Amino acid sequence: MSIWLASNPWLTVLYGVIVLAIIAAVAYYTPWSIALFTFREGLRKKTLIGFLILSILVIFGSMFMTAMMYDTGGTVATDVDVKLIKDICITAISIFGVLIAIFISASVVPTEIENKVIYTVLSKPVRRFQYLLGKFVGVQIIVAVNLLLMGVLFSIALYIKEPIFPRMLLYAIFLTYFEFLIVSAFTFAVAAASTSAVLPTIAGLFIYITGNLTQYLESVVNRSEVSENSVDKGLGWLAWVLRNTLPDLQYFSLKTQILSLQINDTPKDIQIPNLVVYGILYALAGYIIAFWVFRRKEL
Amino acid sequence: MKRFPNLVLAVLVALALALGALQGYRVRNLREADAFYRWLVTASTQLRVFGTITPELEGEEAEKFMDRDLFDRVVAKADQALPDTPVMEGDTDDATGAPYPKLVRYTRTLSTGSLTETEESGTVAVAANPEQVKKDAEVWRFARSASLAPERADFVRFRRDKRLATAGTQIGVADIYKNQEAPVSIGQMFLGFRKLAAGLIWIQVDEAFHKGEMQRMVPLMRTTVLLDPNFVDAYLIGAWHLAYNLTVQMSDTPGYLKEYVPEFGAWVGNKERAYYAAVNFLKDGIRNNPRDYRLYFDLGYAVYAEKLNDHMNAVTYLSEATKQRHESWVRRMLYHSLQATGQFEEARAGWEDYLRANPGHAVAQRMIPTNTALTKERDAEALGTQAKKLLTQAGQARADGQEAQAADMERQAQELQKQRDALQAEARTIYTDLNATTADGDEFAQARLWRMQALELHEQGRTLEALALLRQARMEVARFFQEASDLIIQMCIEADLPLNVSERKRLLEIERIKEAWAANPVEIAGRRFDFDTSQDAWRQAGYANQETIALTPAAKDLAALRKDRPVIDQFIGLGDNVVFELDGQWYEFRRKSLLGNT
């Protein structure tokens, strides 16, 4: 049964159909004027620009860091400096990118409630799920544009050091977006229930951290298996449920593997589309929760 | 939706989460298959290179490791599942002569395209072989197939329980806490930034190096590769630090104080311990990155050949380096090591290939005649030894009154001597030509000429002239120093001539080593070895002049035996002459070729 679920080709086709249906529904139902307005509004936010500038500083700072290292120890010709630039930059993109995704997802709806713009919008013939969808899509455009910008800067930094077109970087950035999509969707769900941006921001950070730690639940499950204690067994069962339900953001660590592709690596042809589907499905769950909370909200 | 909106939404959320969870399961399965695929490549490579994938351990430790059991199960399934593939050159096990299992043949890196050097860099990376790419895709499909699900599950379980020796260092949360030396906080492991943490720790290694804090570097280096097992440069530079920088200020341990470590198959002092730490570090790198030629190259050339002067192992690893995608100079170092082990024909054939790919290559042009001359020199010395033996036998026959037989033997000996002289003359001509055609003279050819001349003089009884020549020669050609010194000592002893202070010191040291060896028998794998001072040889207990099979570093039999029974490395590391028994057969290993250290 388990292996049937893991590798059945028909299930893959079914997933493909579901994902295409989700994309088509989003494209059809999204009020693009709201999405674009959210995007334009997001670009004006000083916090986001701040994060972007910081990320640029880190990306180009990484070059100085490795340059100093080279000056003092450059007796052996290696690719250590390029590897360090890649690691530092992808980490900077991950940290600042996720902060941008969290801050923007946490603030779009509460800000509109606070400055009362939402009342004007909802008085128009726009359904609540559409309004929320527009906002969500707008957030995603901001996240994607920021990510793209950081990716371009990263490519330039890398190109200066190693004049080869960093093709694998595109895949890494692409995967990073789907990691952000999950964090952004669940942060958005908390924001839909909130009237201020503080709580969703904290929740977003919490989601990102726990999302990266879910694999440690596996060791709880393993330890409970060898224990005879019923409490341990119960905890093990709970850990198993959480392990299998909560999104695991560590799966997206494939992005760092792609960046420093080794000759003995497996082809990534299957893994990347599977992660894309994974991101989209959890984002859908996040969005439905957001709508569930938002539809009965008194405004 | 309108009647039970909450219910519908709850069902939708549950459905989306369930689909996500199921997809998560699929992704997890793929990640496990990914790790499994890497292990298959590693285990197959190790089987090919080392001849075994299970460490030679005794008792409980041996039972703990499941590598062989699991690998055999996968191999059996691969024979059914993978499409047939022809057995190509290099696909046969030297030990048994049988082709490797299909899985091993599939995961083997295929020899690739051109070896031509580019003018700008002098090196060129050989492109990936398209056939290899196809085979890798096939193995990847096999690794994640449903038929292999039980083996994959076992792999995950064994790896978690650290029961796979071939899997290289694997990190777990507990490891960080257990490793008291590791200056890394658990926080650095979080949020998927392990590789960055590895990079930042590596910067500390660099800092420690420049501050001269060598001892601090070792735990930092280990932590780095623990966090990022694919950080190949960390393995390479780390091994370089261990083998070169850590040992640079250490003094040599006198031979008689060295301890025999069967695990290394060598007598070790402080420096050697660091060299073997580098060997182990690089081997761990190979387990994690089995297809990176740089790891094999550094292990073979930088450590085994350059530091340990162990060209036998150097050939093993450099050969493997040439089977991966590699740069052209890797082959050159392999041919040099082949020459050093006395495999002159193989070295010459390699240089000829190289010259065909790089017409006019200066080194290849020199090394082809050099190896031809060495082959002739070796054959000449063999003929000389044979002739001497015949003359001794003839003397005996004459004493026994068998005049006709003695005369026949003498005639045969003379014939052999003629052949020897002809070969020596040919070798001399080659060396003279080499010396004349190279602008500043060919150091190696000159040293060989001096050596031949000195031996001739010694044979004619003109030992003093021979000694004078050798003493001058060893000063002029640095790489000839050891060989010339050994010859000087040998000639002086034979002619009963006095030695100078440094030669006496050297002789004294050798005697002290022999005394220490004679006083301390060595136990290896349940066998006792004693040093026989009269024969200068290590003998396994129970040897009573039984018939032996002769083994030399250049012998193909030895390479095959070492693959089949890696424990042999622990025996032959004892000295230059070792007699041992294996499966009822006695072997005599002689390290020194007739030409000494070339």
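Predicted model: local features only at pLDDT ≥ 70, side-chain atom pairs only at ≥ 80, totals over all residues.
Beyond its neighbours within four places in sequence, L318(B) is in contact with Y296(B), F297(B), G300(B), Y301(B), V330(B), M333(B), L334(B) and S337(B).

L318(B) also belongs to the largest nonpolar core, which has 198 residues. Together with A239(B), A278(B), L282(B) and V303(B), L318(B) touches the most other members of that core. Helix α5 (residues 80-114) of chain A supplies the largest share, 19 residues. Domain 1 (30-170) and domain 2 (191-340) of chain B both give residues to this core, so the core lies between them. A second, separate core has 21 residues, including W517(B), L558(B), V579(B) and F580(B).

Next comes a pair of helices in chain B. α10(B) and helix α12 (residues 293-305) pack with their axes 10 Å apart, at an angle of about 10°. That angle makes α10(B) roughly parallel to α12(B). On the α10(B) side, the contact is made by V232(B), Y235(B), L236(B), A239(B), W240(B) and A243(B). From α12(B) come R294(B), L295(B), D298(B), A302(B) and V303(B).

Finally, here is where the chains meet. The contact takes 50 residues from chain B and 51 residues from chain A. On the side of chain B that touches chain A, the elements giving two or more residues are α1 (5-50), α5 (130-143), α8 (194-211) and α10 (232-245). The largest share, 21 residues, comes from α1(B).

The table shows how the residues divide by kind.

Conventions
Residues numbered from 1 in each chain as written. Chains lettered and ligands numbered in written order. Contact = placed C-beta atoms within 7 Å. Helix = DSSP H or I, 4+ residues; strand = E, 2+ residues; numbered from the N terminus. Axes fitted to C-alpha atoms, helices over the stretch in contact; angles between N-to-C directions. Parallel < 35°, antiparallel > 145°, perpendicular 65-115°, else oblique. Core = buried A, V, L, I, M, F, W, Y, C linked by C-beta atoms within 7 Å. Buried ≥ 20, exposed ≤ 12 C-beta atoms within 10 Å, placed from the backbone. Domains from an automatic or database assignment.
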